[in-house]
Structures are given as C-alpha cells and as structure tokens.
Amino acid sequence: MPVTLKNVTLSYPSLFKKAEYSGEETKYQTSIIIPKDSENYRKLKAEYDAICQKAIDDKKLTKAQLTPWLRPLGGNKGIVQDCDEDPDKYDDSRFRGAVVATPKNGNRPVVVDRHNSPLTEDDNAIYGGCVCNVNVSLYAYSKTYKGIGLQLNGVQKVADAEPFGAPRMTADDMFEIDENDMYD
C-alpha cells in the first residue's frame, strides 16, 4: 500500500533523468531524510513490517530473505540508513537524528508543485534540500533476487529550504569589473 511521507527533505534527487553510476543510467531516485522521532518514520516502518509479514505468510520470502530495515554501516542492503552511524558522510545538521531512504523507480515518477501542477527539470524547483511530500511503496520481490524494495511513486514540492552544498556564486563573486578592459 502506498505511503505518503510529508514534509521530508530531498537529497540527491534524480527525478527528471535517471541517476548515473559509473557512466550507466540506473533508475529515477531521490534520497529522503526522515527524522527517527517522526510520524513519517513510524508509518514507513509499520508498512515495512506489514509487507514483511505478508511475504512470509504468503511463502514468498523466508525471514532470512527479508531485506533488513536498517542498512548496516558499510552495507548495501537495508531500507533505511541511520545517519547518526556515519556523521562524516551525513555532516549537515538536517541529518542528525534521522534516517535516509532512497526509493527508486525505472519509470519516471510524478513530480508536481503544491497545487499538483506538473514540474519539469527546466523549472529548477527540485533540488537537494527542498521540502517535499514523497509517495513510496514497499513491496516483496522474489524472482532473480529476493527481498523487500522501496519504490518511488511521486514527489510533491511543498517548500523551498536551504540547498545542500556551497551557496551558488554570482558573477560579482567570480569576476571583477575592469574599466580598462581592452575588449569592450
């Protein structure tokens, strides 16, 4: 069943083009920052528990085949990563007391503004640090590989916030005006 996580912060969004790793396209994705003491965390964890139980009850997966809730430090399997376990990687204060989940989808997710009007890449509205509602689905898979996945369905931007990374430089920051420039 889809879950909408409200007012979460995006990190590394690839919503209009598929993410690239080692020069190859993968999937549309974004990391989302979820405070551990939030209703969003409780809703996502409850849905994870329900999906795991259903997969076991339906004999689709065994307990040993379930993807763990928390991805261990240095591991590559887990629904969420505890940011407090790796403060060097997650050094922005927005990661304190939070987990990061990275839902993905091979199909482009719905991306809209707060009035549900479609957004495009040219709008420059989606960036690491903006606040969004994110709709995701947890599901069990058991064909080639076995486990629990987190699918990205859609993103609704609700507010601007401080972007991650260094502030963008202006032309005045980069260049000084030389009145004696011979190429005017």
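Predicted model: local features only at pLDDT ≥ 70, side-chain atom pairs only at ≥ 80, totals over all residues.
User: What volume does the second largest pocket have?
Analyst: The volume is about 200 Å³.

User: How much space lies in the largest pocket?
Analyst: The largest pocket is lined by 40 residues. Closest to its centre are Q29, R71, G78, T102 and K104. The space in this pocket is about 1200 Å³.

User: Which strand gives the largest share of the lining of the largest pocket?
Analyst: β1 (3-14), β4 (28-35), β8 (104-105), β10 (131-141) and β11 (147-159) each supply at least two lining residues. The largest share is four residues. That share comes from β11.

User: How many charged residues are in the lining of the largest pocket?
Analyst: The lining has 17 polar residues. Another 15 are nonpolar. The charged residues number eight.

User: How far apart are the closest N and O atoms of D49 and K45?
Analyst: Side chains of opposite charge can pair when their charged atoms come close. D49 and K45 are four residues apart in helix α1 (residues 39-57), so about one helical turn separates them. D49 is partly exposed at 36% relative accessibility, and K45 is partly exposed at 25%. They form a salt bridge, with the closest N and O atoms 2.7 Å apart.

User: Is K157 buried or exposed?
Analyst: K157 meets D160 in a salt bridge, at 2.5 Å from N to O. D160 is exposed, with a relative accessible area of 57%. Buried means under 20%. K157 has 10% relative accessibility, so it counts as buried.

User: Which residue meets R94 in a salt bridge?
Analyst: R94 is partly exposed, at 24% relative accessibility. Its side chain joins its partner at 2.9 Å, N to O. The partner is D92.

User: Which residues are linked with K36 in a network of salt bridges?
Analyst: The count of salt bridges comes to eight. A network of salt bridges includes K36. Linked with K36 are D82 and D84.

Definitions and conventions
Residues numbered from 1 in each chain as written. Heavy atoms only, no water. 1 Å grid on protein atoms, 1.4 Å probe; cavity = no way out; pocket = protein on both sides within 12 Å on 5 of 7 lines; lining within 4 Å. Points joined across faces, edges and corners; volume = space filled by probe spheres on them. Nonpolar A, V, L, I, M, F, W, Y, C, P; charged D, E, K, R; others polar. Salt bridge = Lys/Arg side-chain N within 4 Å of Asp/Glu carboxyl O. Buried < 20%, exposed > 50% of the residue type's maximum accessible area, 1.4 Å probe, protein only.
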